[in-house]
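Please open the structure in your viewer and keep the selection panel at hand.

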Amino acid sequence: MTATTQQNRPDALAVLELLARREPPRRFEELLQRARRNGTSVKDMEKLDRAVRLGLDIHDLFGRAQQREAGLTALVDNARQLTHSRDQGDLLKEVARRAQRLLHVDMAYIGLHDADDGTMTIRASEGDTTALNVGLTVRRSAGLGAAVLAERAPFWTPDYLVDEHIQHSEEIDDVVEAEGIRAIMAVPLQCCGSVMGTLYGADREVRHFRPDEISLMCSLADLAAVAIEQTAELAKARTEVRELERDTSQARTVLTTEQQLEAVHSRLIGLVLDGRDLHAIAEEAAVAMRGTVAVRDPGGRLLAAIGEPPRCDEVELAKCRLDAHAGGVPVPLSDGAWIAPVAAGGENLGTMLLAPEEPPAAPSDVRLLSLVTQAMALALLLERSTALAAGQVRDEFLDELLAGPRRPWRQVEERARRLSINLDDSHVVVVTRPEGGSRGRAVVWASSYAHRKQGLKSVHDGCITLLLPGDDANAAARAIHDELSSLLGHPVTVGAAGPTSGLDTVRQIHREAQYCLQALTDLGSTGCFATPQQMGFLGVLLSDTFDVEDYIHSVIGAVLDYDTQRFTDLAHTLDAYFAASGSPRHAARSLHVHPNTVSRRLDRITELLGPDWQKPDRALEIQLALRLNHTRRTLRDHRSAARQADSPGSTSGSPNSRS
């Protein structure tokens, strides 16, 4: 080995020793400077310089390897940290923070793509200095994100605003300029073969990103994409779990409610089957529904009450009662009370009025109302069945009265007493005929109605006869007409008569009610109701008991009473007015008075008879009453003259009266 080689070897070995000790690059420069000071030849200096440059390259490789090792270590740490994130917003913020630290960039941010509307929105940002970045939504055809989405590969630029290869947009350029960004790198967030977004790293200086930096950024993006997907799936799973928990809770609540409703319903049905009355059922219902309860029949009669019944507006109550029966559901009133229909098979059995301590807050509370009314309907039906069994004997008794008793009246009265029938009180007779062929339902209804009203029922020739306590035949006819028509769904024809008292007059009043029913049929007024009083002069013809004097008084009694009390002659003026075809001037001529006098009398008549007395129907009734009154007065005068002629002091009938 030559001396020169021996001289050079320590310097070459020194480079290796520097590499082995991982000395900083300045030590290599110091080695060159020392060799120059020692007077090393040019040739040896060239060799030493080359050895130092190679050593620096090796040192740089070592540094890059260390950086990559540090980056990979950071990636592992990032992966571990990202898996702990539960909220997507926090996760995206952490990914942006990790990307900024990993690549030593000034700013990092994440944009997520929306597949529905084709846009991308910045969801998280780290290192930003304005509020313009987060929440920015741009179309997916602009910026580096468009290239990443199209190619599914990373893209970068050393100076974004001057790069003409990028599809620029005004929204993105404004934010880039406001943040002072120059270099930008964008890598795709990919998972399961689809790109969900883009991870960006940006510097405020011109920067050329190295391949290892891009690779490191892509690795972080892959980890972030998996974490984002897992977080989304976890959030979805949590949502499903919460929904399942909510559904389970609701199902448990519904089950508990159903069990409670079933328990109440079982108790109510048990009371009915045990033969308890409606009052006991209402009492149990009041406890279950925590309020006061009142049950009324279709006519409004109170059947049972627990507590003080609420005072409701009768007009609203009537309307809501119709709504409840029409819809078959409970209906709330304005004062907080509820009205529920008690019905069976479309038949109106009555209504239940509830005044709860607290208003029903759930559908189950309204269902409880319906269950209670079902039990009440069942109780009323059982009560009706009992009434039907007992009503056959009572029906036979009415049949006997209508046909004419075949036994002495004393025995008939004794039988009425045994049946608790007191016909000495006022009664009315109502005869009804269903016009739609629903006789079966009508007969069942009539039995229940007669039981409710403590009356009697009979069925003959398709007509139902009811003998009911009361003194208002018109009100009874209207009530039966409305209730039965509503039940059957079509009108019924009703004739009524009365009132009367005593067993012997029932048959006569029944015949008058039948006459009214037949008259309605003959006049083409089927589906209506009437009494002899309502039918005016026809009632005089149809009635066996209707007094002509009562008819006259009902039509023009006010005028006749006025004439008697004031010594006037308004009735004569009415006669003259109608005889003159309604002309006051012609009537004044026949009365030998001034027309103004006739006009004043007519005004007084209007005050007494009402403003509609000149309408054709009313005028006909008035003229008939005037004619009957005139005839009655003439006959009375004739009878008075005849009695005077037959008296003992009269000379008109004496034999000596002739000359």
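Begin with Ala-344, which stands opposite Glu-347 in E11. Please note that the model is a predicted one.

Next, select E10 together with strand E11 (residues 347-356): the two pair in the antiparallel sense over 7 bridges. In their hairpin, 2 residues lie between the strands, and Gly-345 takes a positive phi near 60°.

Strands of a sheet pair through backbone hydrogen bonds, either parallel or antiparallel. Move on to an open sheet of 5 strands, whose order is E13-E14-E12-E15-E16 and whose pairing is mixed. Which strands stand at its edges? They are strand E13 (456-460) and strand E16 (529-530); each has a single partner strand, so one side of each is left without a neighbour in the sheet.

Select strand E15 (residues 492-500) with E16: they pair in the parallel sense over 2 bridges. Val-494 has Phe-529 in E16 as its bridge partner.

Then show helix H14 (residues 506-522), which packs on the sheet and touches E12, E14, E15 and E16. The direction of H14 makes about 150° with that of E15.

Finally, select helix H12 (residues 439-452), which lies across strand E12 (427-434), E13 and strand E14 (463-469). H12 runs at about 10° to E14.

Definitions and conventions:
Residues are numbered from 1 along each chain as its sequence is written. This is a predicted model: local features need pLDDT of at least 70, side-chain atom pairs count only at pLDDT 80 or more; totals for chains, interfaces and linings use all residues. Side-chain values use heavy atoms; hydrogens and water are left out. Two strands pair if DSSP finds at least two bridges between them. Helices (H or I, at least four residues) and strands (E, at least two) are DSSP runs, numbered from the N terminus. Contact means heavy atoms within 4.5 Å. Axes are lines fitted to C-alpha atoms, for helices over the stretch in contact, and angles run from 0 to 180 degrees between N-to-C directions.
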